[in-house]
Amino acid sequence: MGDRVAAVVAFVVAAVLEVTAARAEICTEAARAQGGPLAGGTDAADFGAIPEACSGTDLGLRLRGTALVASANPDFFGAVVATSTLRLRQRLTRSSRTWLTLAADLLTYRYVVNGPVDSQGFGFGPPTVGLHRALGEWPRTATAVYGRALLPLDTARSSGVRTGLELGLTGRRQLGTTGRAGVQGGVAMIAPFVVVAGQTHTVFEPVALLEAWFAPRPRLGLSAGLSVRAEVSPDPTFLTLAARVAARIALRHGLAAAMLVEVPVTGEDRTDLISAFYLGWASSE
Amino acid sequence: MRRAAFLVVTIVGALGAAGCRHEGCVGGDDGHCVPPTACAALPTATCAGVAELAVFRVADATARAPGPKALAAVGDFVLENDRLRAVLDAPEHAQGLAPSGGTIIDLSPIDAQGAATGDQVNGISQAAGLLPRDAVHYETWEVLDERLAQTSAGAYVAVVFRGHLEGDRRVTVVTRYELRACEAGLRVRTDLYNGARDPNTLSLTDGYFWGDRTLLPFIPLAGHGFRAPELDLLHLSRAWREWPFMAARTQAVPEVAYAAVPCNRAVAAGFNDPTLSAAGVPLAPTLPGDGLSFERFILAAPGPGLSAAVDEAMRVRSFVHGDAPAVTVTGRVVTSAGPLDGRDGRAASLLFYEPAPGADPDDETRRTPRTEAVPGPDGRFHVKLPPNRLYRVQPYAFGRPAAAPSSLALAEADLDAGDITLARAGHLVATVEDRPGERATFAELVLIPVDAPGVNAPPPSLYGLFAGSDPMLGPPHGGSPAGNRALTTDGRFDLLVPAGQYYVYATRGPFASLDRREIDLGAGEEAAISLLTESLPDLLPAGTLSGDFHVHGGASYDSSIPDQDRVVSFLASGVDVIVATDHDVVTSYADTLATLGVTDQLIVVPGVEQTPNILWFDVPGQTFPKTVGHFNFWPLAKDALAPRNGSPWDELREPGQMMDDMEPTYVGAGVRQMNHPWSDAKLGRDQGFMRMIEMDPRRPLTDPGYFAGNVLLRRPGAHFRNIDFDVQEVMTGASRRDWLRYRAIWFSLLSQGYRRAGAANSDSHTLTIERVGYPRNLVFGGHDRATFDRERFDADVRAGHMFGTNGPVLDATIDDAKGTLQRPGLVEFAPGDKSVLTVAVAAAPWIPMTEVRVFVNGALAKTVDVSASFAGSDHFGLAAPRAVVSIPLDSLSLPPTADAWIVVEAGLHQDEPPDDDGDGLPDLPDADLPTRPPNAAETDLSRFDLEAVAPGVWPAAFTNPFFLDRNGVAGWQAPGLGP
């Protein structure tokens, strides 16, 4: 166990120090179908979603729906949330290993049934802004660290603000020599905090993602994996373990479409289903 | 780039600063936060009343305002100034729909002498949804006493309650009730924080539990006013409306009006219904980590009518929301012959509304009611209305429009609307004697129109509510006169009556003679009549007392009849023993009995009807959780210093647990009674336990997997099983349909060996909702009022030593093997080979009867026609017809050498209706529901007079069972359910 920890620490340190700088083959074909993990989960914009390990410049639109049905009598409760999210990823310079992300929930529709009363509403926001830095890139491995901020702009709130920070490490590794399969994922610590009426509620939630990807054809990528999220403070709680499957199709002219389905299988989060459709365009730079 | 960054930083900073602004407990309850003063825009003027400002905890009975609904108990909090007394129950004193205290239980205006004028509030509590999990549960409190630390203008007293939603402690709720000097209402602010992980529809509202038949809620919205859309529990959001204020008026003394004005929102949102209104924030998803607050001003003003409360509500709105100051409209209501006879404000009222758009300005579905006024005894009225609008004024009298509406054009100046002329009322003076030449002390007068109302004629009502009484001499659920009924304490009636042709009845219950006069009253005319209603000698078996073990008064949340009228109605019904069974509160009527000097004429046994209202009990396959029906318990002692006068809190308890809870409270040996076992649910609240658990009388309770059987036979608490009640109501009120169903359930229990006494009770709530003593029980065992022994009486009730009746008098005996006459009861005896069932029947001459029925093991075994003895009697005479029937037991096809049970009935013919819906219970066709027979001039008059006095009654009496031990084996063996 101790050796493994030491190895991981050494890997991270080495990455940070940019011990190696070989150009990663795994990141060179942005238009190929097996891009980084699709942003999932239920949090706002891309907050808490493990991002790509490779740099790039692209623009994507996500249409996400989540459903929660707690129909056990007498506690009927249900919620359906539909969100459209726009996300921009911009490499700082053409060859830069640093890139920015900006994401925002453009329009969120919520429908919540609480026993015999229900309500619905639309909201805009919140946005996130992130800074990502590739660490080491090997021919078959890419890693990056990132920091992301959740900005306190959400028109669906009645009072106060919710903001937060996220720090994470993400990686991607090709398996075999054909470039048609690999694994990707990452870990992050998110710390959303709510400031309402002078009171601050901060939680620390580690998240992790691990999925395998496979590209049976150059323009078709498939992936499957698990995501996990917990709260470590102030109330240690296992929030969710979700299985996820995704498919991505690379179209012409840098366009791509993707689909993600996540099914939470255990945890306190009562969400039953998350599904998302993605449409994106990637620069060929 | 820098500019953009600066912009982002500025926006983020501003938003962050907004979150940092301290604002009460919207960000959660940290134990220190305090919601700020609500309705801060209301001016805090200095006034002479600052000296009266007080906050204290209740220590004695003086804190209770007049009125049967006042419930202040030791430990509760009182906020009081020179205009208002508010009582907030301590967190540990749960009442009504709330799982804890911290709610408003009493709200009374204070008069010029500093005395509370009366309370009509059942309860005002907070919730964030309709399910039990969303009720607010307060746990702690703190008192803020700022009388000295502030200037007199800023002086206030407040109580802050802290808690959470019942089902989720992460959703915190803090409410501050504040009272300032000279203000007619409480400033209330509730802060809610959603610390849960999911977005939720947290409809933070005050729940106003009107309970039906008490306060009439009103909202000034097009198509509403006193009208309310039908509530559908499955789609409650459809009933959600937004309104500038809500008000309510009573229909009985003490006359109080209430209003609630939102302060931090321009409008309040919720639903409005005579059972329950919810007023709070609009329906919207509340995100995790989000909070909201709701500020309102809840005020009380002296009645009668709505106007005083609406006037104050508009004044508050003008300060808080900048509404244009209301202007005053004055005027006078007169009759075509001169001044109005106001008669306690019952004769007339005025509804002010903005005309409906379109061709019909008076269209009730589109006009916008604004306020209502009840003229004073001199006919004068004044109301406040928003300026610069057109209005219509509709006068009402006796529950109907009393003149064509007139129009008002209101500018910004006060307006004298002049005289509003109504048609004159008639005047009826009636004297009632109980012996020729001797005026009766207590009697009831009943009026019905000579001609049956037309099918399309709208019946009289209170602004569309509570129709059913014709004529409507007063609000149907208030004091006398109420609906078409009036009471007297000296044999004299002096009543205003709408012009018309009426039959006037004088009655003193089903064991006294009936008298009737016909009057034809023109507008402004007076009729003077005299009627005689004599007790019928020897009608009742010796040693019996008649008792009604299920009656309600104004202390019940669904009644507003004043105590004096309630007691007079008991006396006028000829009942000897009343078990006072108000919902969830112990009542004794001791003060009223003493005031009337009738402690020797009526025995009142304090009891309670435990009436759970919180939906919680899970029944497989049902969409909503359930409540467990209603159960009566007596004898109890009223403790005016205790919450609910000493009755245990009954929510979230199964019947067996309720029985456990009641054990320490009895004064003597307790009686446990299951009420109306198959009664319908009312707004989701199940009233009948057997219906709720879907009991099927055809199935043995011991069937494996039978949910109802499992529930009935299980022991949810320490001692009692859910089936361990002593008595079951077989008749409740007048409903013929219900009687047949309750009877089927009782028969099923008896056949399975669950020996329970059968009772017949009225469940009367007001003068017009079920008549006291119809039906009642005749308890035998050598009882009389003068030497009343409650313990022995209750023992006879538990033992089934009684007959139930809504008119016919029945006595049945069987001579046993030793030749001893046995009356019905729950103890078995061995009959002889030649034993005979002897049935004696009698009735007042106005109560029709045709047959005697004998049931063996639940099946009809014999019918004997006795109609010849009862036909042709003079309804208004004194001769009570009688018949005696002797039936040898061996003629009843008893099962050979097996134990059996027998129940005898007498009354009008009754077939066994079909079971249309397959639930095992008879479904009486609508066509068989008793209604007014053809007019007196036509045929089939036998029920005409009974229907007038006791609508819906289908004459019937029943015995409790005889348990026949015939098989020679020790003990009685239940026959089991039939095929």
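Residues are numbered from 1 along each chain as its sequence is written, chains are lettered from A and ligands numbered from 1 in the order in which they are written. Because the model is predicted, local features need pLDDT of at least 70 and side-chain atom pairs count only at pLDDT 80 or more, while totals for chains, interfaces and linings use all residues.

**Confidence**

The mean pLDDT (the predictor's confidence in each residue, from 0 to 100) of chain B is 93, and 96% of its residues reach 70 or more. For the complex, the predictor gives an ipTM of 0.90 and a pTM of 0.93.

**Contact between the chains**

Two residues are in contact if their C-beta atoms, placed from the backbone, lie within 7 Å. In chain B, 46 residues are in contact with 34 residues of chain A. The elements of chain B that give two or more residues to this side are α1 (2-20), β10 (200-201), β18 (285-286) and β19. Helices (H or I, at least four residues) and strands (E, at least two) are DSSP runs, numbered from the N terminus. The largest share, seven residues, comes from α1(B). By class, this side of chain B has 22 nonpolar, 15 polar and nine charged residues; Ala, Val, Leu, Ile, Met, Phe, Trp, Tyr, Cys and Pro count as nonpolar, Asp, Glu, Lys and Arg as charged, and the others, Gly among them, as polar.

**Strand β15 of chain B**

Strand β15(B), residues 256-262, is mostly covered, with seven of its seven residues buried. A residue is buried if 20 or more other C-beta atoms lie within 10 Å of its own, exposed if 12 or fewer, and partly exposed in between, with C-beta atoms placed from the backbone. V256(B), Y258(B), A260(B) and P262(B) point one way, and A257(B), A259(B) and V261(B) the other way. The table lists the pairing partners of this strand; two strands pair if DSSP finds at least two bridges between them.

| Partner of β15(B) | Sense and bridges | Residues that stand opposite |
|---|---|---|
| β14(B), residues 246-249 | antiparallel, four bridges | M246(B) and A260(B) |

β14(B) and β15(B) form a hairpin with six residues between them.

**Nonpolar cores**

A nonpolar core is a set of buried Ala, Val, Leu, Ile, Met, Phe, Trp, Tyr and Cys residues joined through C-beta atoms within 7 Å. Of the 286 residues in the largest one, A247(B), Y258(B), A259(B), A309(B) and I902(B) touch the most other members. Helix α8(B), residues 736-751, gives the most to this core, with nine residues. Apart from it lies another core of 24 residues, among them F47(A), L150(A), L151(A) and A276(A).

**Helix α9 of chain B**

In helix α9(B), residues 790-798, F793(B), D794(B), D796(B) and V797(B) are buried. Seen down the helix axis, the buried residues fall within an arc of 155° (of the directions from the axis to the C-beta atoms), so they line one face of α9(B). What covers them includes β38 (577-580), β42 (671-674) and β43 (727-732) of chain B. The helix is followed by G800(B), whose phi is positive, near 75°.

**Residue P648 of chain B**

P648(B) lies in the loop between β41 (631-634) and α5 (655-662) of chain B. P648(B) is partly exposed because it has 19 other C-beta atoms within 10 Å. Not counting residues up to four places away in sequence, P648(B) touches D661(B), M662(B) and T665(B).
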